[in-house]
Amino acid sequence: MADLKKLAEEIVGLTLLEAQELKTILKDEYDIEPAAGGAVMMAGPAGDAGGEAAEEQTEFDVILKAAGASKINVIKEVRAITGLGLKEAKELVEAGGKAVKEQVSKDEAEDIKGKLEAAGAEVELK
């Protein structure tokens, strides 16, 4: 069990470049590649856990927890980020707990989070 914990810590500590290289190795040598939904799909019985942890490290979901006091500004920002229409953006903001963007890089996720928080929203990265 300690070896698995160590492996998980090493995977979490990968840089984006190293994670991309790991993804390439898993694809080329073990036929493991991301499915369209972002989950790892296995072609054979090879280890799924390492590939799945690499995906979690490189892709993040930006979750809008609450719109805050300036809901209009948050709706405008959501529209700018997602390209949604006014009605769809308003529904997303009012629903709360919904993903604004899914499977984006850490840099993009941090950028989106900063924009939404500047508009007054409460945001979480997963």
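User: Contact here means heavy atoms within 4.5 Å. Leaving aside neighbours within four places in sequence, which residues is alanine 66 in contact with?

Analyst: Start with where alanine 66 is: strand β3, residues 60-66. Helices (H or I, at least four residues) and strands (E, at least two) are DSSP runs, numbered from the N terminus. Once neighbours within four places are set aside, the contacts of alanine 66 are Ala121 and Glu122.

User: What kind of model is this, and what pLDDT do side-chain atom pairs need to count?

Analyst: Residues are numbered from 1 along each chain as its sequence is written, and side-chain values use heavy atoms, with hydrogens and water left out. This is a predicted model, in which totals for chains, interfaces and linings use all residues, local features need pLDDT of at least 70, and side-chain atom pairs count only at pLDDT 80 or more.

User: How many helices and strands does the protein have?

Analyst: Reading from the N terminus, the elements go α-α-β-β-α-β-α-α-β-α-β. That gives a tally of six helices and five strands.

User: Is α4 parallel, antiparallel, perpendicular or oblique to α5?

Analyst: Axes are lines fitted to C-alpha atoms, for helices over the stretch in contact, and angles run from 0 to 180 degrees between N-to-C directions. The axes of α4 (residues 71-82) and α5 (residues 86-95) come within 9 Å and cross at roughly 120°. Under 35 degrees counts as roughly parallel, over 145 as roughly antiparallel, 65 to 115 as roughly perpendicular and the rest as oblique. So α4 is, relative to α5, oblique.

User: Which way does α4 cross α5, left-handed or right-handed?

Analyst: A crossing is left-handed if the near helix is turned anticlockwise from the far one by less than a right angle, and right-handed if clockwise. The way α4 passes α5 is right-handed.

User: Which residues make the contact of α4 with α5, and how do they divide by class?

Analyst: Lys71, Val74, Ile75, Val78 and Arg79 come from α4, and Leu86, Ala89, Lys90, Leu92, Val93 and Glu94 come from α5. Ala, Val, Leu, Ile, Met, Phe, Trp, Tyr, Cys and Pro count as nonpolar, Asp, Glu, Lys and Arg as charged, and the others, Gly among them, as polar. On that scheme the residues of this contact split into seven nonpolar, no polar and four charged.

User: How does α4 lie relative to α6, roughly parallel or roughly antiparallel?

Analyst: Helix α6 covers residues 106-118, and its axis comes within 9 Å of that of α4, crossing at roughly 155°. Therefore α4 is, relative to α6, roughly antiparallel.

User: Which residues of α6 does α4 meet?

Analyst: The crossing of these two helices is right-handed. Val74, Glu77, Val78 and Ile81 are the residues on the α4 side, and they meet Ile112, Lys115 and Leu116.

User: Is alanine 19 buried or exposed?

Analyst: Alanine 19 belongs to helix α2 and touches Leu14 and Thr58, residues up to four places away not counted. Threonine 58 is 39 residues off in sequence, with 6.8 Å between the two C-alpha atoms. Buried means under 20% relative accessible area, exposed over 50%, partly exposed in between (1.4 Å probe, protein chains only). At 3% relative accessibility, alanine 19 is therefore buried.

User: Aspartate 31 has a positive phi without being a glycine. Where is aspartate 31 found?

Analyst: Phi of aspartate 31 is near 55°. At 48% relative accessibility, this residue counts as partly exposed. Aspartate 31 is in the loop between α2 (16-30) and β1 (32-34).

User: Glutamine 103 isn't a glycine but has a positive phi too. Which strand is glutamine 103 found in?

Analyst: Phi of glutamine 103 is about 55°. With a relative accessible area of 35%, glutamine 103 is partly exposed. The strand covers residues 98-104 and is β4.
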